[in-house]
Amino acid sequence: MLYSITIVYLVVGLLGALLLRVPTKDDYIPVQGSQMRESDDTHQIQHQSQPPVQSPSEWFDELIEGIKTTVKNPQIQILLICGFCSMVLGIFIRMIYKSYGLIYYRDDQFLTMVGTLIAIGVAVGRLLLSSLLDCWSFRCIYWIMISSLLFFAITVHQIAEFGSETLYTIWLVLIVIIESGHLSTFCVVAIQIGGLKWYIAFSVLTVSLSSSNLAVYLIVLFLLPTLGYGYLIVVLAILQSIPIILFPFFKGAEKADQLKKEPTQEEQR
């Protein structure tokens, strides 16, 4: 079943990529003469020529150059590593929560309920953490995220062994909420770093976040039978400590955070 769903996603993604095309002159909506204002400045702007349309080869070369520039950005490199390492724990929990829980809780109905709450937590995390960016900076929120994930990585195995269904549910749901918030928060910081080419920065970051799914699949396939859940979670905790070490060197969003605090010219007037 899982392989069938994967193939469907692959086919739909390829179809979507094939539908992408470079915009032509027919895609631009002409400005009607009756809608033009009388002021000279507006009149001049509305009579400007339409933006030049790139050929497919020029567009592709510009895209490749943008990807190379983005990957070479040290701030993006830090986010690539931090995002990859900090998402592994949550994806691992989503994959093994039931088989892991059956070792300590012989209640299939309870674990099914946990799976339902985990699915809800994915949606809640993306909405909640992205909404917090209106109040706090990305650095503050991401520090809370990676610190919390490290704490949960260290304690989740002890919580499972303790035997409390309530604590087991809370720990797993909180882990998934924080992990799912990466996609929405990284989109904002990609805009801050990438500027007009933010979509390239976000695409590169999304590749890193998505590759963590493949890493977890390989970990479960090869390391889990050898190490077992206890030692494997220790490995994930060590992996989770890498963002704690690297993120202090991230300075990419500071300028954007300062711009938010500085009043605009209209506000000063």
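**Nonpolar core**

The largest nonpolar core has 58 residues, of which F92, F138, Y168 and L172 touch the most other members. Such a core is a set of buried Ala, Val, Leu, Ile, Met, Phe, Trp, Tyr and Cys residues joined through side-chain atoms within 4.5 Å; buried means under 20% relative accessible area, exposed over 50%, partly exposed in between (1.4 Å probe, protein chains only).

- At least two residues of this core come from each of helix 4 (74-104), helix 5 (108-132), helix 6 (138-162), helix 7 (165-194) and helix 8 (198-246).
- Helices are DSSP runs (H or I, at least four residues), numbered from the N terminus.
- L172 is in contact with I93, Y97, V114, I118 and V156, leaving aside neighbours within four places in sequence; contact means heavy atoms within 4.5 Å.

This is a predicted model: local features need pLDDT of at least 70, side-chain atom pairs count only at pLDDT 80 or more, and totals for chains, interfaces and linings use all residues. Residues are numbered from 1 along each chain as its sequence is written, and side-chain values use heavy atoms, with hydrogens and water left out.

**Residue S86**

- S86 lies in helix 4 and is buried, with a relative accessible area of 0%.
- Leaving aside neighbours within four places in sequence, S86 is in contact with Y142, I146, L149, H182, Q240 and P243.
- S86 and E179 are 93 residues apart along the chain, and their C-alpha atoms are separated by 7.4 Å.
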